[in-house]
Amino acid sequence: MLRREKDAVIAEVQQLLTDTENLFVSDYRGLTVAELAELRGKLRESGARFRVVKNTLGGIAADKAGRETVKDLLNGPTAITFCGDDLIAAAKALADFAKTHPQLEVRGGLLDASLIDHDAVKALASLPPRDVLIAQV
């Protein structure tokens with residue numbers, strides 16, 4: 001990868017980290033390209049974006065974006081799900097996909113500025129949809 005390509009990736013990931021409050025970090029080892037495309041489609045429906053990131057470039061982007069806490073999750077093959085407005089739908093999409101594809105392992109994520117672990121992501125996925133939560137309130 002050329003230096004200018006690396007700079008472009010760093011700038012893109014930095015922008016995504018700056019613009020997105022909530023994200024999930026996963027290990028995608030063992031998934032095929034077709035399975036990753038299927039997962040991307042499901043996440044896109046929930047307004048989320050799934051991006052495979054090299055750890056070193058992701059770490060540099062996290063430093064530049066002021067989101068250093070995400071660096072703790074960057075080890076091994078890493079994919080980051082940048083959540084849109086409905087993070088519960090993104091968590092559900094990841095959890096549902098992981099049920100049929102056990103190779104996908106969600107490591108944790110960031111909820112606002114707080115680091116969350118795998119169990120917290122599972123708890124988010126078990127919540128009812130946003131519309132139902134609003135109706136309950």
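**Close-up views of a predicted model**

**View 1. Helix H3 and its buried residues.** In H3 (residues 55–65), the buried residues are Leu 57, Gly 58, Gly 59, Ala 61, Ala 62 and Ala 65. Buried means under 20% relative accessible area, exposed over 50%, and partly exposed in between (1.4 Å probe, protein chains only). Helices (H or I, at least four residues) and strands (E, at least two) are DSSP runs, numbered from the N terminus. The buried residues of H3 pack against helix H1 (3–19) and strand E2. Contact means heavy atoms within 4.5 Å.

The model is predicted: local features need pLDDT of at least 70, side-chain atom pairs count only at pLDDT 80 or more, and totals for chains, interfaces and linings use all residues. Residues are numbered from 1 along each chain as its sequence is written, and side-chain values use heavy atoms, with hydrogens and water left out.

View 2. E3 spans residues 78–82, and five of its five residues are buried. Thr 78, Ile 80 and Phe 82 lie on one side, Ala 79 and Thr 81 on the other. Side chains in a regular strand alternate between the two faces of the sheet. E1 (residues 23–27) pairs with E3 in the antiparallel sense over four bridges. Two strands pair if DSSP finds at least two bridges between them. Thr 81 of E3 is the bridge partner of Phe 24. E2 (residues 49–53) also pairs with E3 in the antiparallel sense, over five bridges. Here Val 52 stands opposite Ala 79 of E3.

**View 3. Strand E1 beside strand E4.** Five of the five residues of E1 are buried. One face carries Leu 23, Val 25 and Asp 27; the other carries Phe 24 and Ser 26. E1 and E4 (residues 105–111) run antiparallel, joined by five bridges. Val 106 in E4 is the bridge partner of Ser 26.

**View 4. Helix H2 against helix H4.** The axes of H2 (residues 33–45) and H4 (residues 87–100) come within 9 Å and cross at roughly 150°. Axes are lines fitted to C-alpha atoms, for helices over the stretch in contact, and angles run from 0 to 180 degrees between N-to-C directions. H2 and H4 are therefore roughly antiparallel to each other (an angle over 145 degrees). The contact is made by Glu 35, Glu 38, Leu 39, Lys 42 and Leu 43 of H2 and by Ala 90, Ala 93, Leu 94 and Phe 97 of H4.

Note on methods: Angles under 35 degrees count as roughly parallel, over 145 as roughly antiparallel, 65 to 115 as roughly perpendicular and the rest as oblique.
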